[in-house]
Amino acid sequence: MDQLSTTLSALADPTRRAIITRLASGEATVNELAAPFDMSLPAVSKHLKVLERAGLIARGRNAQWRPCRLQAEPLKEIADWVGRYRPFWEASFDRLDSYLDELQRNDKSDQN
């Protein structure tokens with residue numbers, strides 16, 4: 001699987017997206033990451049392994065602690081890929097805006 005597919009697959013799960021969101025504010029231990037979820041530590045560890053394989057997190061070593069931190073490079077690849085579709089969405093919104101303007105003009109002329 002290519003890197004983009006691996007990253008998107010890892011982010012398909014809401015728990016993993018929540019973990020990424022939490023790590024965006026700084027390093028955290030597995031226990032800290034597990035706290036908001038109603039799941040076992042081994043289940044959270046499985047999610048972390050998926051994120052680690054996708055290159056989205058890295059685990060450090062500080063004595064007995066293994067803090068996790070965000071690795072944002074794969075997110076840039078997603079942003080770049082999605083960004084290629086920006087002209088399509090902007091054109092679609094422009095057409096919608098024009099259509100709504102036309103409807104408003106027609107509504108005003110019907111009222112007169």
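Is threonine 15 buried or exposed? Threonine 15 is buried, with a relative accessible area of 14%, and its place is in helix H2. Please keep in mind that this is a predicted model. Below is a friendly tour of the helix contacts, the core, some individual residues and the aromatic rings.

**Where helices meet**

- Two packed helices are described by the angle between their axes and the distance between the axes.
- Helix H1, residues 3–11, packs with helix H5, residues 73–83, at an angle of about 100 degrees, and their axes are 10 Å apart. An angle from 65 to 115 degrees counts as roughly perpendicular, so H1 is roughly perpendicular to H5.
- On the H1 side, this contact is made by Gln3, Leu4, Thr7, Leu8 and Leu11. On the H5 side, the residues are Pro74, Leu75, Glu77, Ile78 and Trp81.
- Sorted by class, the contact of H1 with H5 has seven nonpolar residues, two polar and one charged.
- H2 and H4 also pack, with an angle of about 70 degrees and their axes 10 Å apart. That makes H2 roughly perpendicular to H4.
- H2 brings Thr15, Arg16, Ile19 and Ile20 to this contact, and H4 brings His47, Leu48, Val50 and Leu51.
- In the contact of H2 with H4, five residues are nonpolar, two are polar and one is charged.

**The nonpolar core**

- The largest nonpolar core has 18 residues. Which of them touch the most other members? They are Leu23, Leu33, Leu48, Leu51, Leu56 and Ile57.
- At least two residues of this core come from each of H1, helix H2 (14–23), helix H3 (30–34) and helix H4 (41–53).
- Leucine 33 touches Ile19, Arg22, Leu23, Ala28, Leu48 and Cys68, when residues up to four places away in sequence are not counted.

**Cysteine 68**

- The place of cysteine 68 is in strand E2, residues 68–70.
- Cysteine 68 has a relative accessible area of 0%. Buried means under 20%, so cysteine 68 is buried.
- Not counting residues up to four places away in sequence, cysteine 68 touches Leu23, Glu27, Ala28, Leu33, Leu48, Ile57, Ala58 and Arg59.
- Cysteine 68 and isoleucine 19 are 49 residues apart along the chain, and their C-alpha atoms are separated by 9.9 Å.

- Which residues is threonine 15 in contact with, leaving aside its neighbours within four places in sequence? They are Phe37, Met39 and His47. His47 is also one of the H4 residues in the contact with H2.
- Threonine 29 has its place in the loop between H2 and H3. Threonine 29 is buried, with a relative accessible area of 17%.
- With neighbours within four places in sequence left aside, threonine 29 is in contact with Trp65 and Pro67.
- Leucine 41 lies in helix H4 and is partly exposed, with a relative accessible area of 40%.
- Leaving aside its neighbours within four places in sequence, leucine 41 is in contact with Val30, Asn31 and Ala34. Leucine 41 and valine 30 are 11 residues apart in sequence, and their C-alpha to C-alpha distance is 7.5 Å.

**Aromatic rings**

- How many aromatic pairs are there? The count comes to three aromatic pairs.
- The rings of tryptophan 81 and tyrosine 85 have their centres 5.4 Å apart and their planes at 65 degrees. Planes over 60 degrees apart count as edge-to-face, so this pair of tryptophan 81 and tyrosine 85 is edge-to-face.
- Tryptophan 81 is partly exposed at a relative accessible area of 31%, and tyrosine 85 counts as partly exposed at 40% relative accessibility. Trp81 is also one of the H5 residues in the contact with H1.
- Phenylalanine 88 and tryptophan 89 form an edge-to-face pair as well, 5.1 Å centre to centre with 75 degrees between the planes.
- Phenylalanine 88 is partly exposed, with a relative accessible area of 48%. Tryptophan 89 counts as partly exposed at 47% relative accessibility.

Definitions and conventions
Residues numbered from 1 in each chain as written. Predicted model: local features only at pLDDT ≥ 70, side-chain atom pairs only at ≥ 80, totals over all residues. Heavy atoms only, no water. Phe/Tyr/Trp six-rings, centres within 6.5 Å; stacked < 30°, edge-to-face > 60°. Buried < 20%, exposed > 50% of the residue type's maximum accessible area, 1.4 Å probe, protein only. Axes fitted to C-alpha atoms, helices over the stretch in contact; angles between N-to-C directions. Helix = DSSP H or I, 4+ residues; strand = E, 2+ residues; numbered from the N terminus. Parallel < 35°, antiparallel > 145°, perpendicular 65-115°, else oblique. Contact = heavy atoms within 4.5 Å. Nonpolar A, V, L, I, M, F, W, Y, C, P; charged D, E, K, R; others polar. Core = buried A, V, L, I, M, F, W, Y, C linked by side-chain atoms within 4.5 Å.
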